[in-house]
Amino acid sequence: MRDLIQEPKLRIGDDITSSLSYGWRCVRMKVIVPLLHLAIFLCAVMSIMLFLERLYMAIVIICVKMLKKKRYTKYNWESMKDDLQLHGSYPMVLIQIPMFNEKEVYKLSIGAACELTWPPDRFIVQAMVEFESQKWLEKGVNIKYETRNNRNGYKAGALREGLGKQYVDHCEFVVIFDADFQPDKDYLLRTIPYLLENLDLGLVQARWKFVNADECLMTRLQEMSLDYHFSVEQEVGSSTCSFFGFNGTAGVWRIQAVNDAGGWKDRTTVEDMDLAVRASLKGWKFIFVGDLAVKNELPSTFKAYRYQQHRWSCGPANLLRKMTKEIILCEKVSIWKKFHVIYAFFFVRKIIAHWVTFFFYCIIIPACVVVPEVQLPKPIAIYIPATITILNAVCTPRSLHLVVFWILFENVMSLHRTKAAIIGLLEANRANEWVVTEKLGNATKQRNNSRSSKRSRCRIRQRVHVSEIVMGLFMLHCAIYDLMFGKDHFFIYLFLQAGAFFIMGLGYVGTFVPN
């Protein structure tokens, strides 16, 4: 009798389970599988686009180095410098150091700028710290204390207002250093001569040298990405099209080129790139001096790095949205240069690179693991990304052993870069968000020496990042599923990537300086 009563309950449970299973199979076969096939196709196209761009740049940089055809080496810099010193015809130079609440680092940058080798009466330093300006003024440096009572236009607004001063009318060139940059004394002697001898040059850009690259693992991984940017991307742009994105600092502009391009504009968060594109469309050429490095500091806290990457990813996408038509209709530059700027510089490097990294390696591959009906093509999933990684890593030989950590780190950061690029393209909220990248200078040492016993709960809130935790849980689920039922051993990658999301989601990356 008891069995007769329980039997229908078991059948009802079996019916519900089988119905849910059948429903999931129908949804998977009719909806999820076709969507994954489409997503794999789109990601394959984007991967090939990125691969061809990386391969093209690798071929160009190999040819440039083997043939010793770096563009700046075509000019006899030593003879130009000697001629300048012999005749004493030093042009008037303006040095701008825009800053906002960067008290940890400003002394180094102002001091380095004031000590540049150049006749004291032939350069002017604009600084925004009154006490420091007064100190150097007493030493005979022509330094002007300039400040604003608002932040309108952020950095672009500060630079534009600085160029509007009456004494700037006598200046021919303007040098820009961010608050943490420390140029060597011969910086002007190694950049200005290029502009004097080549009247079509609008910009001379130096590379960056990172003084805190060894501070933590996060700064080492940043160094790997930025070394590729300088050693390959900017060198290739300089050698082939005489165009690359101005880095916003450590560069010398011809003031005539700035004015010809329409001056500084604050319509995006990448005012430096905006000016570079507009100046290039006016016919001005740029040169990248790869053997001239200016010391500066990398952001060493995860919070500061996230804000920086949002600005660097959102700004270019927003600028592409606003300038595509202007670039296409420009008559002063060649079709090849237009193609290079729109396709290679903006679309592939600033958008596709982020999207394919996040959507393919963090969404599509894990999803395909739990949908066995979809097979991942190994050339797209393994060989192409491996080649791209090798091409990037060889630019920083001392960090080759960190390449696995670099891959995992870049995949996590692609979450924020992809979101920022979409925000920029749609011009949504945060499209014009500007947060100054925090540089610690000696603050880390000072605060560690005076260690506080207060451990507040807000420290935990500052460290935890929900989006990374959610992505880590998703990839962990896929990794466990692949370990139990899969055959392609993707679980090895998935476990490692899930771990990276959890580590960064819990704030255990970079340095942490409590308030």
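Which handedness does the crossing of α13 and α16 have? I started my notebook with that one, and the crossing of α13 and α16 turns out to be right-handed. For the record, a crossing is right-handed if the near helix is turned clockwise from the far one by less than a right angle, and left-handed if anticlockwise.

**Ground rules.** I am working with a predicted model, where local features need pLDDT of at least 70, side-chain atom pairs count only at pLDDT 80 or more, and totals for chains, interfaces and linings use all residues. Residues are numbered from 1 along each chain as its sequence is written, and side-chain values use heavy atoms, with hydrogens and water left out.

**Overview.** I counted 17 helices and 7 strands in the protein chain; helices (H or I, at least four residues) and strands (E, at least two) are DSSP runs, numbered from the N terminus. Of the 515 residues, 54% are buried, meaning under 20% relative accessible area with a 1.4 Å probe, protein chains only (exposed is over 50%, partly exposed in between).

**α13 and α16.** I looked up the geometry next: helix α13 (residues 403–426) packs with α16 at about 125°, with axes 11 Å apart. Axes are lines fitted to C-alpha atoms, for helices over the stretch in contact, and angles run from 0 to 180 degrees between N-to-C directions. The two helices are therefore oblique to each other; under 35 degrees counts as roughly parallel, over 145 as roughly antiparallel, 65 to 115 as roughly perpendicular and the rest as oblique. Val412, Leu415 and His416 of α13 make the contact with Ser467, Glu468 and Met471 of α16, where contact means heavy atoms within 4.5 Å.

**α16 and α17.** I then followed α16 (residues 466–485) to α17 (residues 491–505), where the angle is about 160° and the axes lie 8 Å apart. That makes α16 roughly antiparallel to α17, and the crossing here is left-handed. The residues in this contact divide into 16 nonpolar, 3 polar and 2 charged. Ala, Val, Leu, Ile, Met, Phe, Trp, Tyr, Cys and Pro count as nonpolar, Asp, Glu, Lys and Arg as charged, and the others, Gly among them, as polar.

**α9.** Helix α9 (residues 271–281) has 11 of its 11 residues buried, so it is largely enclosed by the rest of the structure. I found its buried residues packed against α5 (154–163), β6 (251–254), α8 (255–260), β7 (285–296), α10 (302–329) and α11 (335–369). The axes of α9 and α10 come within 11 Å and cross at roughly 15°, which makes α9 roughly parallel to α10. Just after α9, I noted that Gly283 takes a positive phi of about 100°.

**α3.** Helix α3 (residues 106–114) is mostly covered, with 7 of its 9 residues buried. Its cover includes β1 (93–96), β2 (123–127), α4 (130–137) and β3 (143–145).

**Cores.** Which residues have the most contacts inside the largest nonpolar core? I got Ile95, Ile110, Tyr187 and Trp253, in a core of 90 residues. A nonpolar core is a set of buried Ala, Val, Leu, Ile, Met, Phe, Trp, Tyr and Cys residues joined through side-chain atoms within 4.5 Å. A second, separate core of 56 residues includes Ala39, Met224, Val348 and Val371. Ile110 is one of the buried residues of α3, and Trp253 touches residues including Leu275, Ala276 and Ala279, which are buried in α9.

Key: Lists of a residue's contacts leave out its neighbours within four places in sequence.
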